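Here is a walk through one chain, taken piece by piece. Keep the model open beside you and turn it as you read.

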Amino acid sequence: AAQLGLEQWYKDILRRTGHSLGRVSRDSINALYGSTLNLSASQIDRQAECRMSYFLKYGMRAKEQKEATIDPAEFGTYVHAVLENTAREVMDRGGFHTVSLEETMEIALRHADAYAIDHFSQLQSQRLEYQFRRNRRELEMVVEELWQELKESRFQPADFELNFGQGGTMPAIDIPAVHMQASLRGFVDRVDIWKENGRNYFRVVDYKTGKKDFDYCDVFNGVGLQMLLYLFALQKNGEAVVGEDPVAAGVQYFPARVPLVAADGRLTDEEADAARAKEWKRKGLLLSDEAVLEAMDPEDSGRLCCKKTKDGTLTGDIADRQQLRMLERYVFKVLGNMVDDIASGNVAANPYTRGTSHDACAFCPYGAVCHKNTVEGRRNYKAMTAQQFWEEVGREDGHG
């Protein structure tokens, strides 16, 4: 009897480890998501990284257990709020060309103190106090970098926390799909405008407290599309925000953190500042137009994600207007395919992996459900150069 019981237990274990997920019915999909799929930027990234993880989090709403603490995301929200309120108040007082660094810093620290009182006053610990002291100094350095850039730039903030959908200034972004209606809602941290010769050049800016790059492989495979989507939506329907005859000047990630500087020995303050400036370069994708780039960085500080070589050639993460139009068609096509994949009911795990730099399973809380170490649908990609990216996008667009 014991032998039979052990044998049955073994067969049961084999049956469970050999499980596979079926397809969720369309009726169940509609019951979970409704007739129109309302997406956010984080939801798009989650589906692009792994459809099963998306289904468990946003379809089944499976919640992970978390320790009661203040995590980096909450500190990121704190920095976002301070930068937004500071930039808004500076613009109300005449702009970064008028308000001094000292006055800007005073504004920022006042907003930082108000935020801490409103959100963290009930949490008391030595560790938390240390985190805030460290974070306050880092915040001061970030604010100074923000002030320095906007004091020099002819692009100036025009809108903050611009809302797409949910009764916001901009409508939700419709996503063309075959099998299900869908739209994207969300916020843009900042929109900057430069008015020149009757044109309104605008760029979309996102504050990033973590490490964020404009990654060609990610974008090609549907990860990190939100900034481009907001840019294209403003180009098409954003006259109320960016003015008539708008020209998309690109997307830019502003590093709302102080980069770590590696050195063999002790650096002087000047050496540390120079090394930090090199690491503090903005990431993104900008319009390949000398006048536009010069307006963003008149002092040629090296902050931008591109530069001009000695022979006058522009290099870096740039795109001309034709490339941007082609990219617009491509990202909406990728999104449409993603929505159709959700509508199909296919929830089999297909995690996105790119070498050691990106692994959708690394911090996913659902590994115990999908047995992530034995997943067969893993998608392994290699890094993409700009040239490879534009060639592939052109091929998808029918120009390859």
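This is a predicted model: local features need pLDDT of at least 70, side-chain atom pairs count only at pLDDT 80 or more; totals for chains, interfaces and linings use all residues.

**A walk through the chain**

Let's start at a glycine: Gly 312 sits in the loop between β9 (306-308) and β10 (314-316).

Residues are numbered from 1 along each chain as its sequence is written, and side-chain values use heavy atoms, with hydrogens and water left out.

Now zoom out. The chain has 15 helices and 14 strands, and 47% of its 400 residues are buried. Take the contacts (heavy atoms within 4.5 Å) with a separation of 6 or more: 75% of them are between residues 24 or more positions apart. The accessible surface is about 21,700 Å², and carbon and sulfur atoms hold 48% of that; the area comes from the Shrake-Rupley method with a 1.4 Å probe.

Next, find strand β5 (residues 186-196). Eight of its eleven residues are buried, so the rest of the structure largely encloses it. Which strands does β5 pair with? One is β2 (residues 156-164), antiparallel to β5 over seven bridges; two strands pair if DSSP finds at least two bridges between them. Within that pairing, Pro 157 has Asp 192 of β5 as its bridge partner. Another is β6 (residues 199-208), also joined to β5 by seven bridges and running antiparallel to it.

Asn 38 has Ser 183 in β4 as its bridge partner. β4 also pairs with β3 (residues 173-175), this time antiparallel and through three bridges. In that pairing Ile 175 is bridged to Ala 182 of β4, and a hairpin of five residues joins β3 to β4.

Follow the chain out of β1 and you reach Ser 40, in the loop between β1 and α3. Is Ser 40 buried or exposed? With a relative accessible area of 15%, it is buried. Leaving aside residues up to four places away in sequence, Ser 40 touches Leu 184 and Arg 185.

Then comes helix α3 itself (residues 41-49). Seven of its nine residues are buried, so α3 is largely enclosed by the rest of the structure. Among those buried residues are Gln 43, Asp 45 and Glu 49. Ile 44, Gln 47 and Ala 48 of α3 meet Leu 335, Met 338, Asp 341 and Ile 342 in α13. An α-helix has 3.6 residues a turn, so residues three or four places apart point the same way.

How do α3 and α13 cross? Their axes come within 11 Å at roughly 75°; axes are lines fitted to C-alpha atoms, for helices over the stretch in contact, with angles from 0 to 180 degrees between N-to-C directions. The two helices are therefore roughly perpendicular, the word used for 65 to 115 degrees, with under 35 roughly parallel, over 145 roughly antiparallel and the rest oblique.

Helix α13 (residues 321-343) has another crossing, with α15 (residues 386-396): these axes come within 10 Å and cross at roughly 65°. That makes α13 roughly perpendicular to α15. Residues meeting here include Met 326, Leu 327 and Tyr 330 in α13, and Phe 389, Trp 390 and Val 393 in α15.

Finish at an open sheet of three strands with mixed pairing, in the order β13-β12-β14. Its edge strands, each pairing on one side only, are β13 (358-359) and β14 (379-380). Two bridges join β12 (residues 352-354) to β13 in an antiparallel run, with Arg 354 opposite His 358 in β13.

Terms used. Buried means under 20% relative accessible area, exposed over 50%, partly exposed in between (1.4 Å probe, protein chains only). Helices (H or I, at least four residues) and strands (E, at least two) are DSSP runs, numbered from the N terminus.
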